[in-house]
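Please keep the viewer open as you read.

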Amino acid sequence: MIPQAVLEITAAHQPDWPVPAELAAVRRELRARPPLVDAHSCHALAGELEFVARGEAVVIQAGDCAELFADSARHRVQAKASQVHQLCEIVESAGIPAVRIGRFAGQFAKPRSCATEILADGSEIPVYRGDAVNGLAPTAAARRPDPARLLTAYDFTARGLDALFMRQLLLSEGSSGIGSMLAPTYISHEALLLDFEHGLLRPDPARGGAYASSAHLVWIGERTRQLDHAHLAFAERITNPVGVKIGPGATPEELIAIVDRLAAGRGRGGLILIIRMGAQKIADRLPTLVAALGSRAGQVSWLCDPMHGNTRKTSTGRKTRVVTEIQAEIEQFCRILRERRLHPGGLHLETSPDPVTECLDTMAGLTGSREPDRYESACDPRLNPVQAEQVVRHFTRLL
Ligand code: PEP
Ligand code: MN
């Protein structure tokens, strides 16, 4: 039996589910369903992360900010996996093994800075919190949190995993017989909705305790990593590899506590610190944090999320990010870790397999008055394939 305690601790950014009985029924249903991923593949990822922490491999984790159910058909998941694969091949062509982690097949929930959104006509509706919670359409009806969406999120994750399995199978058949050793694509998402994550805890037969069967890797976001809140308690309980986003406001004491609690019991590299400070702040903040960790710093995997600290607005009010700033944060990330004999262990990116125009190539684009012609993200701006390759090439040159 898995104790319920985590659900009794304060948790930020949980939806206000309107009908508690509906949520309770959904939780029962989730507990009765089969695990989405098995414990063995979570441990296989942990094994790969040991190489990352030792400086012998890097992670490329990439995909949507907010994944839509409507964008989760088999061919779409396969397109997203192919993009991650191509990004990994850039690293591998430099002789460095790359671990493929998708930010898809389950990335259906978002923390939001404001609980409501004001429409052009002045009316106020609940904010979009990801397809696992409510609908993107800007109407009060679509934005009502519906716990049945948690079951749909489960279904789409299951289908996404089937799509990845089929892709793996077809590719290994296509490549000459020995191709059966194709590198796997692991799936990951932010462990935000604790009713969902908790409902999918399953006993871990190999290590004892429980693992999160919703994904191989889950991470705790910048807005939910409070030391006394439920998300960190959840991360502490599971045997999967876990990530924690670390923004510019993190204190040395917080980081030490996070590492002491979450690295323990996981193999080397099984805790991933996903640094997202922004190009303007990383040089000021990261060195102090690394120094404070002392020898613990070598036990974790260090990833750079150069997206979330570099969000800007265009002159027309759109959220965007600039490739040159993204690259500037990566450069500093690599330098700061290198100077302390640590390994820059990879990138965490928001990407699309489509030629979207959500991110800008240079700062000059910020002052332009033209609306981007392909802005399709349900939440944050993503790199298009050309931009993503450019960013990964830049990172590879720094390795
Ligand atoms: C995200 O990864 O989409 C996100 C919300 O990031 P962070 O928690 O780092 O702000
Ligand atoms: Mn995002």
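Which residues surround ligand 1? The answer is Cys-65, Arg-103, Lys-110, Pro-111, Gly-221, Glu-222, Arg-223, Lys-245, Arg-276, His-308 and Glu-350, where a residue counts if one of its heavy atoms lies within 4 Å of the molecule.

## Ground rules

This is a predicted model, in which local features need pLDDT of at least 70 and side-chain atom pairs count only at pLDDT 80 or more, while totals for chains, interfaces and linings use all residues. Residues are numbered from 1 along each chain as its sequence is written, chains are lettered from A and ligands numbered from 1 in the order in which they are written, and side-chain values use heavy atoms, with hydrogens and water left out.

## The ligand site

For Arg-276, the distance from a side-chain N or O atom to an oxygen of ligand 1 is 2.6 Å. Taken alone, ligand 1 exposes 300 Å², and the protein buries 98% of that (Shrake-Rupley method, 1.4 Å probe).

## Salt bridges

Side chains of opposite charge can pair when their charged atoms come close. The structure holds 29 salt bridges, each a side-chain nitrogen of Lys or Arg within 4 Å of a carboxyl oxygen of Asp or Glu.

One of them joins Lys-80 and Glu-67, at 3.5 Å from N to O. This pair links distant parts of the chain: Lys-80 belongs to helix α3 (residues 74–92), whereas Glu-67 sits in the loop between β1 (58–63) and α3, 13 residues apart. Helices (H or I, at least four residues) and strands (E, at least two) are DSSP runs, numbered from the N terminus. Both partners are buried, that is, under 20% relative accessible area, with exposed meaning over 50% and partly exposed in between (1.4 Å probe, protein chains only).

Arg-393 and Glu-389 also form a salt bridge, with their closest N and O atoms 4.0 Å apart. Both lie in helix α10 (residues 385–398), 4 residues apart, about one turn of the helix. Arg-393 is partly exposed because its relative accessible area is 40%, and Glu-389, at 25%, is partly exposed too.

Salt bridges that share partners also build one network from Asp-64, Glu-67, Asp-71, Arg-76, Lys-80, Asp-354, Glu-358 and Arg-382.

Note on methods
A polar contact is a pair of N or O atoms within 3.5 Å; within protein, one must be able to donate a hydrogen and the other to accept it, and residues adjacent in sequence count only if both atoms are side-chain atoms.
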